[in-house]
Amino acid sequence: MTQYVYRFGGGVSDGGRGDKNLLGGKGANLDEMASIGLPVPPGFTISTPVCAVYYDEGGQFPESLKAEVANGITHIEQITGKRFGDAADPLLVSVRSGARASMPGMMDTVLNLGLNDATVEGLAAVSGDARFAWDSYRRFIQMYSDVVLELDHSRFEEALEIAKEDNGYYLDTDMTADDWRKLVAEYKALVEELWGKPFPQDVHDQLWGAIGAVFGSWQSERAKVYRRLNDIPASWGTAVNVQAMVFGNMGDTSATGVAFTRDPSKGDNAYYGEFLINAQGEDVVAGIRTPQYLTKAAREAAGAKPASMEEVMPEVYGELAGVFDLLERHYRDMQDIEFTVQQGKLWMLQTRSGKRTAKAALKIAVDMANEGLITREEAIARIDPAALDQLLHPTLDPKAPRDVLTKGLPASPGAASGKVVFTADAAEIAAKDGQDVILVRVETSPEDIHGMHAAKGILTARGGMTSHAAVVARGMGRPCVSGAGALSIGKGVARVGDREIREGEILTIDGSTGEVMVGAVPTVQPELSGDFGTLMEWADGIRRMKVRTNAETPLDCRTAREFGAEGIGLCRTEHMFFEASRITSVRQMILANDEAGRRAALKKLLPEQRSDFVEIFEVMAGLPCTIRLLDPPLHEFLPHADAEFEEVAKATGLDIDTLKRRANELHEFNPMLGHRGCRLGVTYPEIYEMQARAIFEAAVSLDAAPVPEIMIPLVATKRELELMKAVVDKAAEAVFAETGKRVDYLVGTMIELPRAALRAGEIAEAGEFFSFGTNDLTQTTLGVSRDDAARFLTDYVEQGIYAKDPFVSLDVEGVGELVKLAAERGRATRADIKLGICGEHGGDPASIAFCESVGLDYVSASPYRVPIARLAAAQAALADAKPALKAQ
C-alpha cells in the first residue's frame with residue numbers, strides 16, 4: 001500500500017532533506033530539523049502525490065489517507081500529551097502548504113485548528129490565560145472563514161476595527177478577554193449570515209476542510225501566476241503539513257519572528273530579521289503590525305526605538321543565534337527561518353534556503369566560498385544567471401536633487417520611477433500599455449502578485465523587512481519600500497502630512513535607502529566590480545563556450561566589452577541603413593530601375609558603411625566580428641509619407657508617381673519568406689559587394705584589425721552560399737590589391753531555415769562557420785510568426801503544448817533537434833567549422849545549457865545579457881562535466 005503520511009518530531013523522522021520532491025521543501029526540512037535535534041513541534045506531512053490524486057479525482061482523497069492522517073494525529077497526541085478535540089486540554093494544530101520550490105505567501109495556511117466553543121474554554125483553563133484563548137479562537141474563525149469557507153475576509157476585518165474603535169483601542173493587543181469573546185460571537189454570526197450554516201464545531205471536519213483548502217490553493221490564481229513567473233511546473237503539486245501549534249501570543253514572554261542567517265538584501269554576514277511580542281506568525285509576514293528588530297545593531301542602525309529581541313529576550317536570542325549557525329552550516333546556504341517563542345521556550349517552525357537579491361546572492365556565494373563553506377564551483381552554480389539583470393541597470397544618481405516625500409524601510413534594493421497606481425489590476429493594465437508604474441498599497445497580499453510583477457517598484461504603508469511585499473519583491477528583483485508609516489492611502493490618493501500624490505503622478509522609490517521621492521530622479525550606470533567581478537572571473541575560468549554580443553553601434557560594442565564580450569556574434573548591418581543621413585540613399589538604391597542606378601546610390605553609402613565598421617572594429621580590436629550582410633526585405637526601407645517620396649524624388653530626379661509605382665511593385669504578401677537575405681544578394685549582388693568592400697576597407701585601415709566573419713543570411717542551398725562567397729572574396733581581393741594589406745577573414749552562413757539545417761553537410765563545403773539564427777529558425781520550424789504569436793502562445797504554455805515560450809527559451813525537441821543535426825553534419829564535412837548561436841536564445845540560460853550539450857563554440861547575446869550568458873555558460877559546463885565525473 002502506498003504511504004502518503006510521513007511523521008516527524010519526538011525522535012521520529014519518516015523522511016528527510018533528500019525527500020523534497022515527495023514531502024515538499026517545508027516538510028523535508030521540518031523532518032531534517034527534528035532529526036538533528038532542534039526543537040520542532042511534532043507533526044506529519046501529507047505527500048505531494050496526494051495533490052495529484054486530489055485533482056485527478058475531482059477533489060477526492062485516496063481511501064487509505066483517512067487512516068494515515070488519524071495515525072498522524074495520534075503521533076502528535078502521544079508526544080504532546082494533549083488530545084485532538086478534548087474539551088479539557090485540547091491539541092491544536094496548524095495546517096500549511098509546502099511545495100518542493102519555495103512559493104512564499106502563494107498558498108494557504110490555517111492556524112489554531114481544533115478550537116470550538118468547548119475547547120476554547122479548556123484552552124483558557126489549562127493556559128490560565130482567557131485572553132490568549134479567545135484571541136486564538138477569533139484568529140481561527142477569521143482565517144478558516146477566509147481560507148476554507150471562502151467568505152469575504154473584509155467583513156471580519158471591519159468587525160475587528162469597529163470593536164477597537166468602540167473601545168478606544170489602537171492595537172489588537174489592547175483587546176481584553178471579554179472583548180475577544182464578544183468578537184467571536186460576532187464572527188460566528190457573520191459566518192452564519194455569509195455561509196448559511198453555523199461555524200464548524202467538529203474538529204475532524206475542520207481538519208479535512210483545511211487539508212482540502214491547502215491542496216486547493218495549489219491551483220489558485222496567485223499560485224498559477226507565481227509558478228508561471230518562476231518556471232515551476234504545475235505537475236509538482238504541494239504537500240500539506242499538519243503540526244502541533246505553539247503560541248507566540250501567550251503574553252510578554254511569548255513572541256514570533258522571521259529571520260535570515262544573512263542579510264537577504266545586501267548579503268552581509270549578519271543576522272537579519274524581525275519579531276513581535278505576543279503575536280502569531282501571520283502578524284509578522286502580513287504586515288498587520290510593524291515588527292521590531294531582531295538584533296540591537298540593526299535597531300540602532302535604523303534609529304528605531306522599540307527594543308530588539310536581543311535586548312528583551314537575551315537568553316532565547318542566544319539560543320536562536322546558535323540555531324542560525326547550526327542550520328547554515330548544516331544546509332551550507334543562507335537560511336530563511338520562522339520561529340515562535342512560547343512562554344520563554346524556543347520552537348523552530350520552518351527553515352529553507354532564503355530568497356535573496358542578486359547583489360546578496362553574489363556576496364553570499366563569494367563569501368561562503370572564501371569561508372570554505374562551499375566550493376567555487378558551488379558558488380557559481382548557486383547564482384541564477386537571469387537574476388544578474390538586477391545588477392546591470394542604472395541606480396539613482398547620488399548627486400541628483402531629490403524631493404523626499406517620506407521614508408520607509410529599505411525592503412528590496414534598486415530604484416524605480418513611475419506613475420502611481422493603487423491596485424494590482426491597474427498596475428497590470430498600465431504596464432501592458434507600456435507605462436512604468438509604482439504600485440502603492442497599504443500592504444500587499446498574495447492576490448497582488450500579478451500587479452507586483454507588472455510594476456517597476458512597490459511602496460507599502462505597513463509591513464516590515466520580512467513582510468509579504470518585501471519577500472516577494474526581493475525574489476522578483478523589484479525595488480520595494482515597506483512600512484512607510486507616514487503614508488496615508490485613500491481612494492486614488494496618498495497623503496503625507498499636507499502633501500498629496502494622486503493616481504498617475506510620478507514617484508521615485510529607492511529600495512536601498514527607503515526614500516520615497518516626488519517626481520523622477522536621474523540615474524547612473526552601475527559599477528561591476530567586487531563580488532560580481534570575482535564570480536565572473538571564477539565563471540570564465542570554468543566555461544568552455546565563448547560569449548559574444550549582438551551589437552551594431554559603437555556604444556553597444558563598448559557596453560558589451562565592459563560586460564566581458566569576446567567579440568561580435570551578430571552585427572545587423574540593416575540597422576545602419578535607417579539613420580537619417582543615409583535613408584534617402586538607401587531608398588534611391590531600392591527604387592532604382594537598373595544596376596547603374598543602384599551602384600550610384602551604393603557609392604554614396606560606401607563611405608558611411610566603412611565609417612560604421614571602423615568605429616566598431618576599433619572597439620573590437622583583435623576580436624572576431626560576425627557581420628551579417630543585408631537581410632530584411634527591401635520594403636522595410638521604402639518611403640510611406642508624401643514628404644519622404646519628395647526627398648527621394650529630389651535625390652533621384654524621378655517623379656513621385658514613378659517612385660510610388662516602383663514601391664508598389666516591390667510589395668510582398670509574405671515578406672518574411674519573400675525577397676530577403678541572400679535572395680537580395682543573388683538578385684542584386686552589387687549590394688553585398690558594397691558591404692563587403694566597406695568591411696575590408698575598414699579592417700585594413702586599422703593597426704589592430706579584428707577578424708571579420710562575413711555572414712550570408714537565409715541560405716537554403718550550397719549554391720546560394722557559393723555565389724555570395726564569390727562576391728565577398730572578389731571584393732576582398734580587390735581591397736587587398738588596392739591597399740597592399742591583407743586581413744584574415746571567414747565567410748559563413750546563418751542557419752535559419754530547416755532545409756539549411758538538413759543540408760548542413762554540403763553547405764559546410766562552402767561555409768567556414770555556421771551561426772544559428774534561432775529567431776527565424778523557430779519561426780520557420782514551427783510555422784509561427786513571432787510578431788503575431790503573443791496572442792496565443794500564453795495559452796499554449798498554460799495548456800502544456802510548449803513548456804515555455806519557444807521564442808524566449810529554445811524548443812529543444814524541435815528546433816534544437818535541427819541545431820544538433822546541422823552541427824553534426826557540418827562537422828562531418830568540415831571538422832574545424834566554427835559554430836555559434838546568435839538569436840535571442842543566446843542570452844537564455846536554458847538555451848545556453850542546450851548549446852553546451854551540442855558543443856557549440858560560442859553564444860551571442862545582447863550587451864546587457866553578456867554577463868548572464870557568461871555565468872550560464874559556466875553552469876552549463878559544470879553540469880555537462882558531472883556525468884563524466886560519475887563515469888570515472
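Is Glu-150 buried or exposed? In this predicted model, Glu-150 is exposed, its relative accessible area being 67%. The residue sits in the loop that runs between helix 5 (130-147) and helix 6 (153-167).

The protein chain holds 35 helices and 34 strands. Its radius of gyration is 32 Å, close to the 29 Å that the globule rule gives for 888 residues, so the chain is as compact as a globular protein of that length. Along the principal axes, the C-alpha atoms of the protein chain fill a box of roughly 100 × 70 × 50 Å. Of the 888 residues, 55% are buried.

Gly-748 belongs to strand 31 (residues 746-751) and counts as buried at 0% relative accessibility. From its C-alpha atom to that of Gly-674, 74 residues apart along the chain, the separation is 21 Å. Ile-364, in helix 14 (residues 358-371), is buried as well, with a relative accessible area of 1%. The C-alpha atoms of Ile-364 and Ala-234 are separated by 30 Å, and these residues are 130 apart along the chain.

Asn-112 is not a glycine, although its phi is positive, at about 65°. This asparagine lies in strand 7 (residues 109-113) and is buried, with a relative accessible area of 1%. Asn-278 is another residue other than glycine with a positive phi, here near 55°. Its place is the loop between strand 10 (272-277) and helix 10 (281-285), and at 13% relative accessibility Asn-278 counts as buried, because the cut-off is under 20%.

Nonpolar side chains also come together on the surface. Phe-792, Tyr-796 and Ile-801 form a nonpolar patch there, with about 250 Å² of accessible area together. Within this group, Phe-792 is found in helix 32 (residues 790-798) and counts as partly exposed, at 30% relative accessibility.

Charged side chains bring another kind of contact. Side chains of opposite charge can pair when their charged atoms come close. The count of salt bridges in the model comes to 58. One of them joins Arg-352 to Asp-336, with the closest N and O atoms 3.1 Å apart. This pair links distant parts of the chain, since Arg-352 is in strand 13 (residues 345-353) and Asp-336 in strand 12 (residues 335-342), 16 residues apart. Asp-336 is buried, with a relative accessible area of 4%.

A further salt bridge is formed by the side chains of Glu-552 and Arg-572, at 3.6 Å from N to O. Glu-552 lies in the loop between strand 27 (546-550) and helix 20 (554-562), and Arg-572 in strand 28 (residues 568-572), so the pair ties together parts that are 20 residues apart in sequence. Both Glu-552 and Arg-572 are buried. Arg-598 and Glu-686 likewise meet through their side chains in a salt bridge, at 2.5 Å from N to O. Because Arg-598 lies in helix 23 (residues 595-619) and Glu-686 in helix 27 (residues 685-700), this pair ties together parts that are 88 residues apart in sequence. Arg-598 and Glu-686 are both buried. Finally, a network of salt bridges links Asp-135, Arg-138, Arg-139, Glu-161, Lys-164 and Asp-172.

Note on methods. Residues are numbered from 1 along each chain as its sequence is written. This is a predicted model: local features need pLDDT of at least 70, side-chain atom pairs count only at pLDDT 80 or more; totals for chains, interfaces and linings use all residues. Side-chain values use heavy atoms; hydrogens and water are left out. Helices (H or I, at least four residues) and strands (E, at least two) are DSSP runs, numbered from the N terminus. Buried means under 20% relative accessible area, exposed over 50%, partly exposed in between (1.4 Å probe, protein chains only). The radius of gyration is taken over C-alpha atoms; the globule rule is 2.2 Å times the number of residues to the power 0.38. Patches are made of residues with over 30% relative accessible area and no salt bridge: like charges are joined within 9 Å, nonpolar side chains (Val, Leu, Ile, Met, Phe, Trp, Tyr) within 5 Å. Accessible areas come from the Shrake-Rupley method with a 1.4 Å probe; for residues, only the protein chains shown count as cover. A salt bridge is a side-chain nitrogen of Lys or Arg within 4 Å of a carboxyl oxygen of Asp or Glu.
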